[in-house]
Amino acid sequence: MTFIDTHAHIYEDDFADDIDQVILRAREAGAQKVLLPPIDEASTLKAVELSRRFPDFCHPMIGLHPEEVKENYLAILQRLEKMLIADRQKVRPEFIAVGEVGLDYYWDKEHKQEQREAFIAQIEWAAKYDLPLMIHSRNVGSDLLDCLKPWRDRLKRGGVFHCFSGSAETARELMHLCPNFYFGIGGVLTFKKSNLPETIKDIPLERIVVETDSPYMAPTPMRGKRNEPAYIPYIIERLAEVKEISPSEVVEQTTHNALKIFFTTTQ
């Protein structure tokens, strides 16, 4: 079994003491690649550093997470875009996506407008620099699609709705309105009281990628522990059960999807 973990924050301090072992366990479990979405400037640098330690295995993204959007967000975006521009001029650019970006009104209701403006600015980066988006969304109603709709035709690389746990109705709407976007499915699928298995039945495997969101939301039977890429097989097995297909079919299609999104250009 080989797989791609499309969303892991293993550059964080949670992994500082045993990152080599984490990478080793990931490889032994079948990881082909682990994709690293930062949340701010500092974590972007950490993601790049880790990717250089483990080239062609770890791959960084670049972006400002909605929970990190505060009064100084414009200056941060300006500095991040300069990093992105410099990277795109390399023979082998390092950043594979714009992310983790989006909207989150769960904790912070004071910066809704700033979040929308930051998200739109980073959607523009994805269009301008021909990169996919890694999208975070929580408690935002119709605002997410309102931000995305004007850009749909210019987002040639599409992207991923990270940690999707919405209803079948929401999934159908997103599939219709964003035909080149995929759904990131993680540990929530394995939770006993999760409604996600029912939703998954309506999402074609051709529109799914797998992720851990390490160190968060470890799948059953590791729930409550620090999550890591080596736990992806638990998600794959549950996805196979829900879809009533073999784990090898899940691995083959989700890996193909991840490679198509993040490692195939439109140029």
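**Notebook: salt bridges, cysteines and a helix pair**

I began with Glu228, which is buried at a relative accessible area of 3%. The model I am reading is a predicted one.

I looked up the partner of Glu228. Glu228 forms a salt bridge with Arg226, and their closest N and O atoms are 3.3 Å apart. Arg226 counts as partly exposed, at 25% relative accessibility. I then followed the shared partners: salt bridges join Asp18, Arg25, Arg226 and Glu228 into one network. Within it, the side chains of Arg25 and Asp18 meet at 3.6 Å, N to O. Arg25 is partly exposed at 33% relative accessibility.

I noted the total next. The structure holds 16 salt bridges. Another one is Arg92 with Asp56, at 3.1 Å between the closest N and O atoms. This pair links distant parts of the chain, 36 residues apart. Arg92 sits in the loop between H3 and strand E4, and Asp56 in the loop between H2 and strand E3. Arg92 is exposed at 63%, while Asp56 is partly exposed at 45%.

I turned to helices H2 (residues 41-53) and H3 (residues 73-88). They pack at an angle of about 20 degrees, with axes 11 Å apart. H2 and H3 are therefore roughly parallel to each other. On the H2 side I found Glu41, Thr44 and Leu45; they meet Ile76, Arg79, Leu80 and Met83 of H3. By class, that contact has four nonpolar, one polar and two charged residues.

How many does the structure hold? It holds zero. The sulfur of Cys147 is 12 Å from the closest cysteine sulfur, in Cys178, too far for a bond. Cys147 is buried at 6% relative accessibility, and Cys178 is buried at 4%.

How values were computed: Residues are numbered from 1 along each chain as its sequence is written. This is a predicted model: local features need pLDDT of at least 70, side-chain atom pairs count only at pLDDT 80 or more; totals for chains, interfaces and linings use all residues. Side-chain values use heavy atoms; hydrogens and water are left out. Axes are lines fitted to C-alpha atoms, for helices over the stretch in contact, and angles run from 0 to 180 degrees between N-to-C directions. Helices (H or I, at least four residues) and strands (E, at least two) are DSSP runs, numbered from the N terminus. Angles under 35 degrees count as roughly parallel, over 145 as roughly antiparallel, 65 to 115 as roughly perpendicular and the rest as oblique. Contact means heavy atoms within 4.5 Å. Ala, Val, Leu, Ile, Met, Phe, Trp, Tyr, Cys and Pro count as nonpolar, Asp, Glu, Lys and Arg as charged, and the others, Gly among them, as polar. A disulfide is a pair of cysteine sulfur atoms within 2.5 Å. Buried means under 20% relative accessible area, exposed over 50%, partly exposed in between (1.4 Å probe, protein chains only). A salt bridge is a side-chain nitrogen of Lys or Arg within 4 Å of a carboxyl oxygen of Asp or Glu.
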